[in-house]
Amino acid sequence: QAGCPAMSSGGRSREWLILGLPTLLLLALGFYAASRFIQPPPPVHIAIATGADTGDYHASAQHYAGLLARNGIALDVRSSQSSSENLAKLLDPNSKVEIAFVRSGLKPSPAPEGEEDQAPLLVELATIAYEPLWVFYHASRRFDHLDHLAQLRGKRLVVGSSETEVRKLAEPLLEASGLNTPPTTLLPLDGQEAAEALEAGRIDAAFLVAPADEPIVRRLLAHPSIRLMSFANAEAYVRRFPFLVRLTLPRGSIDLAADIPHDDVELLATPMSVIIRREVHPALQYQLLQAMSETHRSGGILHKGGQFPSPHEGDFPLSSEARSYFKEGLPFLQQHFPFWIADRLERFWVLIVPLIAIVIPLIKILPPLYSWSVRSRFFRRYGELRYLEDELENTTERAAVARIHARIRVLEGKAQHMRTPLAYCDLLYTFRMHINLVRTKADKKLVHEDLNPHDELAQASCFITDQKEKKE
């Protein structure tokens, strides 16, 4: 055959199989390794523990549920009686509650030896409000002006029953102020009973923890015989007890017409935070934070607009997603794509990494490897041709020359049927020409004619000229 035989589909398949199979295996291995790091999709149902059905936090959770429902996430809002109950549900893996509103200062003690401690499995998303510690006292000659807790020594105080959150939050302050022992009397009254006892003058002071717009707080602030204590040493308490913050209740903020309160009041408050179990899906954490931002961005009596949610770190550390959210906002994909599309892109992005890391180097490596694979077939034939030429130079026996000549003809027949890609036909034609040169030498030896040196140089010159023309 005078032309360059095109490579058959079988030949091309063999070439690409040799190179492609290891490539595919390498890619498959990379995808498998990457798939081990792909997170499962976020759940479509999650539960939150809030507070009383009529409370503000229950209403906030209902608002979260409405916002999350836009992305197909069902938030099960469960009422409760207190933050302590919410925390207990979070710590109980069988409760199926993954989110809860919890006041600071209630972090449980480490679990007894031999029991698994669930507290390290909890993290904070954000603080959404401050709940003041209100200390109301009955105006009398004994309390002309009250601004230090130590002034209550020996008095009758209501700090709630032993299991209430008011008592748990107040006890460290009472102990630090020397009010936890006689002659001071601590009475276990709660809520409405405490307010009535204070109004009737049966007790000297009452401790309450509640939002500023709570009816019982407004009722006591408006009572003519009851005063609200302003903590002159509030900063000292805040530095000593990390779960407290210092707030100022501005003059007239409760009732401008009645000028209640009559002066700015320094208060101590405890942050109300959204606490989650650490395993809550990162995508859900971002969606919850976004819902919290939309729900709590307005201002209030004790805070300015945009102050909440805030990354106040209290009893539990902030989650890594919360840190990222308060620093950079929503992830890029969630800002520009619907939630479920962004989630899939984020989860499967890890598969693109091995694709880029493997394919880009392969793009540079495979063409040279393919070229080497094609050229190697000619290299093997050239080795055989060189061996035959050396034998031809070193023998003078006609029978040996005839055997070499026959082997050259066989090699020449193989060259005529070599299937070669069009881009490498120059190798085939060059190889055929070199076979022809060696065969010519064998032909001349068979007829006992020596090679003319000038003819050999002329043939070499023609070969070099042909090579230059092909390159041009």
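Are Phe378 and Phe431 buried or exposed? Phe378 is buried, and Phe431 is too; buried means under 20% relative accessible area, exposed means over 50%, and partly exposed lies in between, with a 1.4 Å probe and protein chains only.

This is a predicted model, in which local features need pLDDT of at least 70, side-chain atom pairs count only at pLDDT 80 or more, and totals for chains, interfaces and linings use all residues. Residues are numbered from 1 along each chain as its sequence is written, and side-chain values use heavy atoms, with hydrogens and water left out.

The protein chain has 14 helices and ten strands. Helices (H or I, at least four residues) and strands (E, at least two) are DSSP runs numbered from the N terminus. Of the 472 residues of the protein chain, 44% count as buried. Contact means heavy atoms within 4.5 Å. Among contacts in the chain between residues at least 6 apart in sequence, 76% join residues at least 24 apart.

Next come the nonpolar cores. A nonpolar core is a set of buried Ala, Val, Leu, Ile, Met, Phe, Trp, Tyr and Cys residues joined through side-chain atoms within 4.5 Å. The largest one has 34 residues, and Tyr64, Leu75, Phe101, Ile128 and Val274 have the most contacts inside it. Elements that give two or more residues to this core include strand 1 (45-49), helix 2 (56-69) and helix 8 (282-296). Helix 8 gives the most, with seven residues. Leaving aside residues up to four places away in sequence, Tyr64 touches several residues, among them Ile48, Leu75, Phe101, Met292 and His296. A second, separate core of 29 residues includes Phe136, Leu221, Leu249 and Ile260.

The aromatic rings can be followed in turn. The structure holds eleven aromatic pairs. Rings of Phe, Tyr and Trp (its six-membered ring) pair if their centres lie within 6.5 Å; planes under 30 degrees apart count as stacked, over 60 as edge-to-face and the rest as tilted. Phe339 and Trp340 form an edge-to-face pair, 4.9 Å centre to centre with 65° between the planes. Phe339 is buried, with a relative accessible area of 4%, whereas Trp340 counts as partly exposed at 23% relative accessibility. Phe378 and Phe431 also form an edge-to-face pair, at 6.1 Å centre to centre and 85° between the planes. Phe378 lies in helix 11 (residues 339-393) and Phe431 in helix 13 (residues 425-446), so this pair ties together parts that are 53 residues apart in sequence. Elsewhere, Phe231, Tyr237, Phe241 and Phe243 form one aromatic cluster.
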